[in-house]
Amino acid sequence: MFGSVAEVTRELRQAMDEDRFRLAYQPIVHGGAICGTEALLRLQHPVHGEVAPGEFIDVLINSPLLVPVGQWVVTAAVDQISVWARGGHVGEHFHCHVNVAPQQLGDTNFIDHVLREIERSGIDAEHLVIEVTEQSLLDLTRRSSGLARLSEAGVGLYLDDFGTGASSIAHLRTPLLDGLKIDRSFVAGATADPRDADIVDGLISLGHSLGLDVIVEGIERPDQLARFAPDDSVCVQGFVYAPPIDAEQMTRYLVNGSAPLSPTAVDPDGA
Ligand code: G
Ligand code: MN
């Protein structure tokens with residue numbers, strides 16, 4: 001859609017200037033009840049409509065615009081959590097997940113911003129979860145003080161896309177981690193290769209034995225739900241419940257409390 005790096009950068013700057021970033025929210029479900037949501041960045045384009053981060057995230061992460069956009073994401077998520085909490089729509093263990101790039105964790109100003117926004121909004125810090133990739137844990141000497149400050153304040157830390165990064169299982173030992181999200185490629189792959197299902201089982205056990213919460217990502221169909229989340233020992237995120245939706249729709253889900261299976265979740269057996 002967008003062309004060169006320069007063009008994407010121009011689009012990002014304009015979107016920031018014109019307040020055209022939005023957050024979409026995808027429900028995270030535990031035993032049929034909504035236990036959290038992942039906030040996902042969207043750019044509202046005057047011609048192309050809603051643009052997903054795949055179109056711009058690589059440029060954003062390597063651009064100075066990561067600073068203001070990253071801060072905007074935290075502010076918007078914290079404000080939304082505050083609205084939900086004041087409305088009585090979320091329980092005390094509700095988590096709103098925000099994706100954070102490794103560069104942000106090494107930036108003291110970013111960490112200060114997160115802590116300041118929690119204080120300003122008055123939300124319970126435990127409602128906020130930072131999702132980091134394995135890449136973020138590779139250079140812990142530079143990033144651990146930021147992670148530790150967030151963790152001490154009560155912010156949750158989850159390892160995202162687990163199983164696909166180039167780092168080591170030893171990183172799961174970091175005492176700062178609260179949970180892990182198993183990458184959706186294993187769930188998708190399990191249809192063709194049962195070893196992928198075995199990997200998901202193994203990662204769930206590994207996570208649990210380390211005392212981590214586990215979210216299985218990319219559950220699209222009822223058969224996958226039955227296979228990977230037969231009970232309430234894991235949380236689930238995926239199209240089987242809902243794609244990323246806007247804040248109003250997410251609020252409706254929260255008011256209902258439970259998550260119906262999505263009518264668009266296709267069961268391969270037609271059941
Ligand atoms: O890896 P991360 O936690 O950032 O995953 C969020 C991304 O995964 C979002 O872009 C979202 O649209 C996508 N996603 C969420 N659920 C599903 C799913 O069930 N199937 C697929 N293919 N993608 C999904
Ligand atoms: Mn994520």
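Predicted model: local features only at pLDDT ≥ 70, side-chain atom pairs only at ≥ 80, totals over all residues.

Biologist: Which elements give two or more residues to the shell around ligand 1?

Modeller: Those are strand 2 (33-45) and strand 6 (156-162). For context, the chain has 10 helices and 9 strands.

Biologist: How many residues surround ligand 1, and which are the closest?

Modeller: There are 16 around ligand 1, and the closest are Asp161, Arg184, Glu217, Glu220 and Phe239. Next, sort the shell by class: 8 of its residues are charged, with 4 polar and 4 nonpolar.

Biologist: And which side chains have polar atoms by the oxygen atoms of ligand 1?

Modeller: For a polar contact, look for N or O pairs within 3.5 Å. Glutamate 38 has a polar side-chain atom 3.0 Å from a ligand 1 oxygen, and aspartate 160 also places one 3.0 Å from an oxygen of the ligand. For lysine 181, a side-chain N or O atom is 3.2 Å from an oxygen atom of ligand 1.

Biologist: What share of ligand 1 does the protein bury?

Modeller: Compare the ligand alone with the ligand in place. Alone, ligand 1 exposes 530 Å², and the protein buries 79% of that.

Biologist: Zooming out, how do I judge the overall fold?

Modeller: Check the radius of gyration against chain length. A compact globule of 271 residues would come out near 18 Å, and the chain has 18 Å, so the two agree. Its C-alpha trace spans about 50 × 45 × 40 Å along the principal axes.

How values were computed:
Residues numbered from 1 in each chain as written. Chains lettered and ligands numbered in written order. Heavy atoms only, no water. Near = heavy atom within 4 Å. Polar contact = N/O pair within 3.5 Å; in protein donor to acceptor, adjacent residues only side chain to side chain. Areas by Shrake-Rupley, 256 points an atom, 1.4 Å probe, with all protein chains shown as cover. Helix = DSSP H or I, 4+ residues; strand = E, 2+ residues; numbered from the N terminus. Nonpolar A, V, L, I, M, F, W, Y, C, P; charged D, E, K, R; others polar. Rg over C-alpha atoms; globule rule 2.2 N^0.38 Å.
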